[in-house]
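This report covers a metal site, a helix and a set of aromatic contacts. Please keep the structure open while reading.

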Amino acid sequence: MANDPDCIFCKIAAGIAPSFKIYEDAEALAFMDINPFNEGHTLAIPRAHFANLHEVDEAAMTATLRAAKRAAKAIEAVLKPDGINLIQANGPGAAQSVMHFHIHVFPRKFGDEASLNWGLKPGDRKAIGALAERLKAAIG
Ligand code: 5GP
Ligand code: ZN
């Protein structure tokens, strides 16, 4: 599927928009969420543009899940969170805000009281970038 010139995640995949990437291969990549709910909140996406779970093809979905698993392994090793959720939103009722299929790798802390629609609070970009370097180095 072609890329969408107006899509921020297509731009990140193409390297046109900045991001803190921790993993990339021919089909998928993983980069830090810029509004992290908890430290280490990361997104895995296919390079190709698919709006959501209903549109993504199986090869792109598999590649995205593989990138999410690699990112989760690095997060586990570097941050030792109390747990990790994989979260994937489709449609306005699920609070999908970027219409390019993505999987949240969502580190959890006891008592963090994450609710599924957790809202967006800008993170400290310097800290996010520094953590991205540590996670990139830990990608197995
Ligand atoms: P959704 O709400 O669609 O499930 O998740 C979209 C996620 O993309 C949000 O957590 C939001 O913080 C993140 N996001 C939106 N724009 C950007 C961006 O330009 N860069 C990065 N790294 N993350 C973004
Ligand atoms: Zn896109």
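## The zinc site

What arrangement do the four donor atoms around the zinc ion (ligand 2) make? It is tetrahedral, because the angles they subtend run from 105 to 116°. For four tetrahedral donors, the ideal angle is 109.5 degrees. The model is predicted.

Two cysteines and two histidines coordinate the zinc ion (ligand 2): Cys7 and Cys10 through SG, His49 and His100 through ND1. The distances are 2.0 to 2.3 Å. Along the sequence, the donor residues follow the spacing C-x2-C-x38-H-x50-H. Cys10 sits in helix α1 and His49 in the loop between β3 and α2, so this pair ties together parts that are 39 residues apart in sequence. Cys10 is buried, at 4% relative accessibility. His49 also counts as buried, at 12%.

## Helix α2

Helix α2 spans residues 58-79, 22 residues in total. From first C-alpha to last it reaches 31 Å, close to the 32 Å expected at 1.5 Å a residue. After the helix comes Lys80, with a positive phi near 45°.

The buried residues of α2 are Ala60, Ala63, Thr64, Ala67, Ala68, Ala71, Ala72, Ala74, Ile75 and Val78. An α-helix has 3.6 residues a turn, so residues three or four places apart point the same way. The buried residues of α2 pack against the strands β1 (21-24), β2 (28-32), β3 (42-46), β4 (83-87) and β5 (103-108), and against helix α3 (125-138).

## Aromatic pairs

How many aromatic pairs does a search of the whole structure find? It finds three. One of them, Phe9 with Phe31, is edge-to-face, at 5.4 Å centre to centre and 80° between the planes. Phe9 lies in helix α1 (residues 8-14) and Phe31 in strand β2, so the pair ties together parts that are 22 residues apart in sequence. Phe9 is buried, with a relative accessible area of 7%. Phe31 is buried too, at 3%.

Phe106 and Trp118 form a tilted pair, 4.6 Å centre to centre with 45° between the planes. This pair links distant parts of the chain: Phe106 is in strand β5, and Trp118, twelve residues apart from it, is in the loop between β5 and α3. Phe106 counts as buried at 2% relative accessibility. Trp118 has a relative accessible area of 19%, so it is buried, the cut-off being under 20%. Phe37, Phe106 and Trp118 form one aromatic cluster.

How values were computed
Residues numbered from 1 in each chain as written. Chains lettered and ligands numbered in written order. Predicted model: local features only at pLDDT ≥ 70, side-chain atom pairs only at ≥ 80, totals over all residues. Heavy atoms only, no water. Helix = DSSP H or I, 4+ residues; strand = E, 2+ residues; numbered from the N terminus. Expected span 1.5 Å × (residues − 1). Buried < 20%, exposed > 50% of the residue type's maximum accessible area, 1.4 Å probe, protein only. Contact = heavy atoms within 4.5 Å. Phe/Tyr/Trp six-rings, centres within 6.5 Å; stacked < 30°, edge-to-face > 60°. Donors = N, O, S within 2.8 Å, 3.2 Å for Na, K, Ca; no water. Tetrahedral: all angles 85-135°; square planar, octahedral: opposite > 155°, others 65-115°.
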